Amino acid sequence: MPERKRVAVLADSDTRWKWGASTARRLVPDHRLTGYLLRGRATPTARQLGEVGVRADRLAEVTCAEFLAEIERERYDVVVLALVGGAVQAVLHGARALWPAPARRPVLVTGYVGVVYEKLADGLLLRHGADLVLANSRHDAERFRAVYEGVGADSGAVTETALPFLGGAPYEPAGSRAHTVVFAVQPSVPDNRADRAYLLERAARHARLHPGREVLVKLRSRPGEHTTHLEEQPYQRLAERVPGGLPANCRLVYGNMSEVLDGTDLLVTVSSTAALESLHRSIPTAVLTDLGIREALGNHHFLGSGCLASWDQLDSGLLPEGDPVWLAAHGVRPAGTPGPAGPAGPAAEAASGTAADADAYAVARAKVAGLLAAARLPSPAPHYTLTTAPGYLPGILARHRLAPDGTPLPGAARQEAGESRLRRRLRAHLREAARGAYRHGVQRVAPVIRRLGEL
């Protein structure tokens with residue numbers, strides 16, 4: 001019996017851990033997974049990891065330098081980098097320093113956790129140099145290749161897949177249970193108090209207009225926790241200021257998004273990736289237009305989807321339906337829709353939920369298998385070098401305690417180890433202080449405490 005492949009995932013937030021670990025399962029269904037959490041502002045808590053629901057055989061918190069030492073020592077087959085672009089670039093240059101010539105090294109994979117609606121060129125060029133740069137749809141794959149080819153970089157690593165966590169049972173109407181509306185909020189969209197308060201009040205108004213419905217406001221984090229994006233105005237605090245309070249049939253909830261969607265009859269959001277999860281399950285999905293259709297909100301990504309709607313329209317009974325052509329171009333095949341390549345085998349089917357889902361990863365799996373079969377892989381070759389980006393690259397690497405050549409700065413590991421112990425203690429105290437401030441209603445103090453936790 002062949003030995004299970006060894007896979008490592010390095011993630012810097014709860015959502016990226018979800019993407020990275022789910023991607024690993026799709027690419028290498030039979031594997032031993034080691035998880036690494038990059039130490040920083042958004043390092044997830046145990047509660048956040050539990051809510052994501054993806055487990056690793058081993059999990060550790062590391063710095064960039066420590067992770068590079070780990071992948072040199074442990075000889076992983078595949079490494080998935082579920083990180084912001086700058087951190088991906090740092091690891092790629094660190095890997096180039098470890099393997100400056102063709103060698104037996106891990107296959108390096110990266111991509112995006114969800115909808116790509118901002119910093120397209122910047123984020124992509126920081127990811128260039130990985131063996132596979134995963135695109136979550138045909139639409140994204142075309143855009144990614146255009147960016148790479150536009151600067152004269154090799155686009156061969158771009159590989160079309162789909163979001164790895166699309167799954168779950170197809171939607172079934174409520175029947176005898178209460179019709180449930182879920183408002184999936186986002187930490188930083190919209191980014192100001194007035195707009196966020198408006199959206200919450202509209203959710204509460206919808207509940208009052210439809211007393212027979214359940215309206216759930218799906219939150220991402222608890223006070224004191226961080227996610228991929230900063231949340232300056234948490235809905236927990238805004239809920240306390242809703243005129244008249246939230247009605248009995250409108251409440252704040254946490255939990256795994258897939259489990260929440262199990263009982264959802266209408267998913268409402270501004271631009272969350274949850275919309276794609278919902279559409280995959282054929283759940284009526286509304287992308288809000290109340291605040292306009294703007295790049296800053298990310299809802300422009302859904303132009304042509306058939307899902308754009310306002311709270312007024314939802315109050316009047318509208319249940320949007322996704323446009324099949326748009327869904328296909330954006331990597332969403334409603335559950336049960338056959339994929340283009342046919343069944344991918346029982347192992348892949350078990351790993352991803354359905355054979356149709358697994359097809360989206362068939363090409364990526366074949367690429368990984370081919371790279372694993374090679375005796376040696378060439379040294380990683382990022383587009384950004386000291387020749388192409390001499391005023392940009394050194395700063396990115398320095399933020400991760402790497403020298404311009406990708407090697408750890410002298411004393412970085414020792415210094416980071418000492419700082420990390422102190423930071424862990426400080427973060428724990430500051431999180432508790434932030435929770436206490438929220439509990440006692442000290443609205444102006446709590447964000448300051450949370451900011452201190454990022455230092």
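**Exercise 1.** Determine which way the side chains of E11 point and whether they are buried or exposed.

*Solution.* Step 1: Leu266 and Val268 point to one side of E11, while Leu267 and Thr269 point to the other. Step 2: all of these residues are buried, where buried means under 20% relative accessible area, exposed over 50% and partly exposed in between, with a 1.4 Å probe and protein chains only. Step 3: in a regular strand, side chains alternate between the two faces of the sheet.

The model is predicted, so that local features need pLDDT of at least 70 and side-chain atom pairs pLDDT 80 or more, whereas totals for chains, interfaces and linings use all residues. Residues are numbered from 1 along each chain as its sequence is written, and side-chain values use heavy atoms, without hydrogens and water.

**Exercise 2.** Identify the strands that E11 is joined to, and how the chain continues to E12.

*Solution.* Step 1: strands (E, at least two residues) and helices (H or I, at least four) are DSSP runs numbered from the N terminus; two strands pair if DSSP finds at least two bridges between them. Step 2: strand E8 (residues 180-184) runs parallel to E11, with four bridges, and Val181 has Leu266 as its bridge partner. Step 3: E11 and strand E12 (residues 285-288) are parallel and joined by three bridges, with Thr269 opposite Val287. Step 4: from E11 the chain passes through helix H10 (residues 274-280) to E12 in a right-handed β-α-β crossover; right-handed means that, with the strands pointing away from the viewer, the path from the first strand over the helix to the second runs clockwise.

**Exercise 3.** Describe the surroundings of Thr264.

*Solution.* Step 1: Thr264 lies in the loop between helix H9 (257-261) and strand E11 (266-269). Step 2: Thr264 counts as buried because its relative accessibility is 0%. Step 3: its side chain reaches the backbone oxygen of Val260 at 2.9 Å. Step 4: leaving aside residues up to four places away in sequence, Thr264 touches Tyr171, Arg177, Thr180, Val182 and Ile283, a contact being heavy atoms within 4.5 Å.

**Exercise 4.** Give the strand order of the seven-stranded open sheet and name its edge strands.

*Solution.* Step 1: the order is E3-E2-E1-E4-E5-E6-E7, with parallel pairing. Step 2: strand E3 (58-62) and strand E7 (158-160) are the edges, each pairing on one side only.

Conventions
A polar contact is a pair of N or O atoms within 3.5 Å; within protein, one must be able to donate a hydrogen and the other to accept it, and residues adjacent in sequence count only if both atoms are side-chain atoms.
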